[in-house]
Structures are given as structure tokens and as C-alpha cells.
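Please keep the sequence and the coordinates at hand while reading.

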Amino acid sequence: MIKKGLMAKRILGSMLFLLLGIVSFTFLSGLKVEAADPVHTVSSQETVESIATIYDISTEQLMDMNGLPDGKLYIGQKLTIQTAYTPSNYQWSERGKQIANYAKSFTGFKKTAGEETPIEGFDSSGLIHWVLSRQKVPIDRLSVEGYYKQGMDTNTPKAGDVIFFLEKGSSKVVTAGIYLGGNQFVNSGYGAETVQVRSTIEKYFAQYQAEYKTYTPKGEHVVQNNETLKSISDNYGVSMDTIKKRNALPTDSLMQGQYLQIYSSPLYPFYENQEASYDKAYDVIKYAYTLRGFTYVFGEYDPMIGMDCSGFIYWAMKEQGISLKRGSAADYYSLLPKLRDPKAGDLVFFSDADLSQEITHVGIYLGDGRFIHTTRNTGVHISDLTSSYFNKKFESFGQVQINNMD
């Protein structure tokens, strides 16, 4: 999180002249003449630290202004350099700008069908997956059609949203990209061999219907280091008790990285208006939502260490006062009656259909075909049962009966 407060303004006692067509900046006490932010193209052997030193800014500034999730850089990556920088509160409007800037940093990288990394290249959906997942937005690797089915519709698109182009009068998705604002978006698709910044008013794109989805949570707060429930309550003007209730927090203690629903409507309301499977099902789901993005670690069940799929089930229920044995996905499958019509809070099981058909995965059913679970590459996130991957491996739903799981 960018620390609150205003960064001290630098005062230069003389004017600096940059000749030969380079834009000139003049700094006087209390006065700033602004010019377009320069762009730095990453070359071999450069690091975040070395680039920050060149421009006399902090590594934190450089990473925040470009949405860099870590210190990993790629040759050819284009980084915006804001020499006049004012910290701001960590809000989702700023988060969206980070997502957009990170996407834009891959301009010029090659387009490669079926790929999703800077090294191998990107197709349109691969670019979306790389950018959002590296920005810690929990998301599966899907096709553009799959991403269109997920996410939340928005009529007020902002930087960091995903823009989809559909054939007019149908729901067929042609391509998609990361929206930058001002009709611009980053795309690895039609008419170019590389990732490009494109415009919705270009002749090709203008023939399609543009729709926008947000994967940047609205009305949610990501807990930062040293934050407390009280400090978050004070920041948003929402009582501690209300925040605890909306997130089914068992105590006042928070974990760095937790997603907290601040306002009354959750971003992913799949469980709302669904019949609950058992008394505390809604609370289990609400608390599970706060763990989105926490990492996968085989055999573990503590979010601060990591959790595997059954460890995630165990932790979410344990924190809601539900006593159950720590078991595997197969163990939970063996304990629960199977059913065709699940309710919110029931479990959903998957098997390895290509091998022994052993139960290998489990999640919590939310309703509307969605479930929350954790996987090795993405961590805790929400997925769709109709996706080809999970549809193929789906085994059954298990009716949660608390006494049977003790």
C-alpha cells in the first residue's frame, strides 16, 4: 500500500535546460511545469532498482506507477516514469490504473496463439490472464468467451476493466483486451503481430459491439500490512461490527491480503437469493470470499502458509465454529450424501477422469453454477462449472451434513 501523506516537493535553485528536442522542465518553489511522462524501455540486465536510480525515484514509486507485481522485468517492457509523484490512498480506482499500466507495459511483445507469458507471447485471452493474475486478481485461464461469462457488467468502464467485442445482435465474442480509458485498450489480437494499444473507433473494432466487465472489486478493501479493523473502519466510515458481519469475520484479527467487503452488495453475489444448505453456510461463503487470492500449498490449511483444496474447506468451516476432521477431498466425498440439486454451501467434487477416477478436488458451491475453491496456479478463486475443464472433471455435489464431517 502506498503510504498516506504528501511527498516533500523538491526545490531546485536553478533552471535545467535539456536541449536537442528533449522536453524541458522548470521547477520553482511552489510551481511545477508539467510535461508528458517519459517512457523507459527495459534493456538487458536492468532491474527495478537500477531504473529507479536513473530517474532518482524510489523503487516503490516505479513499481506502483506501472502496476508491477514484483521486481521481475522483461526486455522490451515499457515503463512510465512519473518524476512528479503524489501518493494516494490504495483505492480500486488506483488499482485499475495499475492493471492498465501493467498491460500497456507489454506493448510490442509478440502475439502467439495459445500462449500467456511474456517469454512465449500472448494471445488475447492469454494477455488478460497474465495481467490480471499477476495483479493478484484471482482468475482462471479461460478463452475470451469464458472471461465474458465471468466478471461483472459495468456501464461505467474504467481503466483496468476488460473490454469485449461482440458481433452485433449476438453474444459471440470476437476478441478482448484491457481497457485503458479514452476509447483505448491493450490487445493481442486482430491486425497485428504484437501486443498493441488500439482504439474502439478503429474501423475494424467499430463494427462490433463493445461491452465491459470488471474484475477489479468495487467496494472491497485489500488488507495491507499493519492495518487493523479499526483503521479500515475509520477510513471508510463503516462500523467495525458491520464490516465483521459482512465478511463473517470470527475475530477482529485480519490477515494481510484479505479481501473485505465494505459495502452492502458483494461483487460476486452468486450465493444471494440461494437457499442455504445449513445454518452457517452463508457465513462460510462470506468468509471464504475474503480469502480470494491466497496461495495454494499442498497439504496445508493455514492461509498465511497456503492451503490445498480440502485445507481451504477445513479452514473456512473451522473459522465459523464448525468442527470437522482435516481430511482430503476424497475423505469428504466419502462422508457426504450425493445430490443433484445443491444449495449454497454444499460441496462440489471433481475426479481425474483421465486416470483412476479418484476424487482429486473439492470446492464450495455458491449457486448459479459457480463455486469457490483453490488451485495450484491461481490460489483461492471463483470458477464456473460450465467451463470445459471443470465440466469434464465434475463428479457430483455433496450435501453438507455437519455431523457427518466431524
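In which loop does Asn226 lie? Asn226 belongs to the loop between β13 (220-222) and α7 (229-236), where helices (H or I, at least four residues) and strands (E, at least two) are DSSP runs numbered from the N terminus. The model is predicted, so local features need pLDDT of at least 70 and side-chain atom pairs count only at pLDDT 80 or more, while totals for chains, interfaces and linings use all residues. Residues are numbered from 1 along each chain as its sequence is written, and side-chain values use heavy atoms, with hydrogens and water left out.

Asn226 is not a glycine, yet its phi is positive, at about 75°. Most residues other than glycine have a negative phi. Asn226 is exposed, with a relative accessible area of 70%; buried means under 20% relative accessible area, exposed over 50%, and partly exposed in between (1.4 Å probe, protein chains only). Asn273, also not a glycine, has a positive phi of about 65°. The loop that holds Asn273 runs between β14 (259-261) and α9 (281-289), and Asn273 is exposed with a relative accessible area of 81%.

Confidence is expressed as pLDDT, the predictor's confidence in each residue, from 0 to 100. The chain average is 83, and 85% of the residues score at least 70. Over residues 1-35 the pLDDT stays under 50, and the model has 30 contacts beyond four places in sequence for them, a contact being heavy atoms within 4.5 Å. Residues 84-91 also have a pLDDT below 50, with 21 contacts beyond near neighbours in sequence.

The interior can be described through nonpolar cores, that is, sets of buried Ala, Val, Leu, Ile, Met, Phe, Trp, Tyr and Cys residues joined through side-chain atoms within 4.5 Å. The largest has 88 residues, and Tyr289, Phe312, Met317, Leu347 and Ile372 have the most contacts inside it. Helix α10 (residues 309-318) contributes the largest share of this core, seven residues. A second, separate core of eight residues includes Ile163, Phe185, Tyr204 and Phe205.

Helix α10 also packs against α9, at an angle of about 115° and with the axes 9 Å apart; axes are lines fitted to C-alpha atoms, for helices over the stretch in contact, and angles run from 0 to 180 degrees between N-to-C directions. In this contact, Val284, Tyr287 and Ala288 of α9 meet Phe312, Trp315, Ala316 and Met317 of α10. The contact residues divide into seven nonpolar, no polar and no charged, where Ala, Val, Leu, Ile, Met, Phe, Trp, Tyr, Cys and Pro count as nonpolar, Asp, Glu, Lys and Arg as charged, and the others, Gly among them, as polar.
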